[in-house]
Amino acid sequence: MNNLFTIFFYIITVFLLTLSFIKSKAKTILSLKRALKMLFNVFPQFLAILLLMGLLLAFVDAQTIQNIIGTKSGIFGMLLASLLGSISLVPVLIAFPIASRLLENGAGIIQITVFICTLTSVGIVTLPLESKYLGKKIAILRNTLFYISAFVIALIMGVVLS
């Protein structure tokens, strides 16, 4: 089923790319060049994080992952995942393969959901920069609300996917 879904998206992509090429060859080539440039910009980070994850998963067994951020880790696992997500500067494109590998190795859905939500919406490391442009009060309020909402979303996902 999963392979059919992937094949379906490849077919749609090729179809839409062909339509774009027919409509404007120059714009399509320009878009493909920009996409390739973006890929090359992200690739070193992607490769480094995948290597790091590979090493981590080679040295840390599934039981340890289950104990730390597994379904039975409860609020402690959620808090740990939320803190890791809040301080990480990982591109979202890379976060999903990491989440997938952690799920395959025993991490809990709720804990991974908190990780992904905080990774994409809470920025402890970027708070000074955000404060500069939005003001300290608004930046702290935004990050706090998104931090709390990550737990709400994770609990909803836990109910829906259980």
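Reader: Glu-104, buried or exposed?
Author: Exposed, in this predicted model. Its relative accessible area is 56%.

Reader: Which residue does Glu-104 form a salt bridge with?
Author: Arg-101. The closest N and O atoms are 3.0 Å apart.

Reader: And how exposed is Arg-101?
Author: Arg-101 is partly exposed, with a relative accessible area of 39%.

Reader: Where do Glu-104 and Arg-101 sit relative to each other?
Author: They are three residues apart in helix α5, which spans residues 92-104. That separates them by about one helical turn.

Reader: Why does a spacing of three places matter in a helix?
Author: An α-helix has 3.6 residues a turn, so residues three or four places apart point the same way.

Reader: How many salt bridges does the structure hold?
Author: Two. Besides the Glu-104 and Arg-101 pair, the side chains of Glu-130 and Arg-142 meet in one, at 2.5 Å from N to O.

Reader: What does the Glu-130 and Arg-142 pair tie together?
Author: Glu-130 lies in helix α7 and Arg-142 in helix α8, so the pair ties together parts that are 12 residues apart in sequence.

Reader: Is Glu-130 buried or exposed?
Author: Glu-130 counts as buried, at 13% relative accessibility. Arg-142 counts as partly exposed, at 25%.

Reader: Now α8. How many residues, and what reach?
Author: Helix α8 covers residues 136-161, which is 26 residues. From first C-alpha to last it reaches 37 Å. That is close to the 38 Å expected at 1.5 Å a residue.

Reader: Which residues in α8 are buried?
Author: Ala-139, Asn-143, Ala-150, Phe-151, Ala-154 and Gly-158.

Reader: What covers the buried residues of α8?
Author: The cover includes α4 (74-87), α6 (109-121) and α7 (127-134).

Reader: Pick a residue in α4. Where is Ser-82, and what is Ser-82 in contact with?
Author: Ser-82 is in helix α4. Leaving aside neighbours within four places in sequence, Ser-82 is in contact with Val-114, Thr-118, Tyr-147 and Phe-151. Phe-151 is one of the buried residues of α8.

Reader: What relative accessibility does Ser-82 have?
Author: 0%, so Ser-82 counts as buried.

Reader: What does the side chain of Ser-82 reach?
Author: The backbone oxygen of Leu-79, at 2.7 Å.

Reader: Loops next. Where is Gly-123 found?
Author: In the loop between α6 and α7. Gly-123 is buried, with a relative accessible area of 10%.

Reader: Which residues does Gly-123 touch?
Author: Not counting residues up to four places away in sequence, Gly-123 touches Ser-86, Arg-142 and Asn-143. Asn-143 is among the buried residues of α8.

Reader: How far is Gly-123 from Ile-140?
Author: Their C-alpha atoms are separated by 9.8 Å. Along the chain the two are 17 residues apart.

Reader: What about Ser-73, buried or exposed?
Author: Ser-73 counts as buried, at 11% relative accessibility. Ser-73 lies in the loop between α3 (62-69) and α4.

Reader: Which backbone oxygen lies 2.6 Å from the Ser-73 side chain?
Author: That of Gly-70, taken to a polar atom of the side chain. Leaving aside neighbours within four places, Ser-73 is in contact with Gln-66, Asn-67, Ile-68 and Gln-111.

Reader: And Val-90, where is its place?
Author: In the loop between α4 and α5. Val-90 and Thr-120 are 8.7 Å apart, C-alpha to C-alpha, and 30 residues apart in sequence.

Reader: Where does Phe-8 lie?
Author: In helix α1, residues 2-23. Phe-8 is partly exposed, with a relative accessible area of 46%.

Reader: Last one. Thr-28, buried or exposed?
Author: Buried, with a relative accessible area of 2%. Thr-28 is in helix α2, residues 25-59.

Reader: What does Thr-28 touch?
Author: Leu-17, Ser-20 and Phe-21, not counting residues up to four places away in sequence. A polar atom of the Thr-28 side chain also lies 2.8 Å from the backbone oxygen of Ser-24.

How values were computed: Residues are numbered from 1 along each chain as its sequence is written. This is a predicted model: local features need pLDDT of at least 70, side-chain atom pairs count only at pLDDT 80 or more; totals for chains, interfaces and linings use all residues. Side-chain values use heavy atoms; hydrogens and water are left out. Helices (H or I, at least four residues) and strands (E, at least two) are DSSP runs, numbered from the N terminus. The expected span of a helix is 1.5 Å times one less than its number of residues. Buried means under 20% relative accessible area, exposed over 50%, partly exposed in between (1.4 Å probe, protein chains only). Contact means heavy atoms within 4.5 Å. A salt bridge is a side-chain nitrogen of Lys or Arg within 4 Å of a carboxyl oxygen of Asp or Glu. A polar contact is a pair of N or O atoms within 3.5 Å; within protein, one must be able to donate a hydrogen and the other to accept it, and residues adjacent in sequence count only if both atoms are side-chain atoms.
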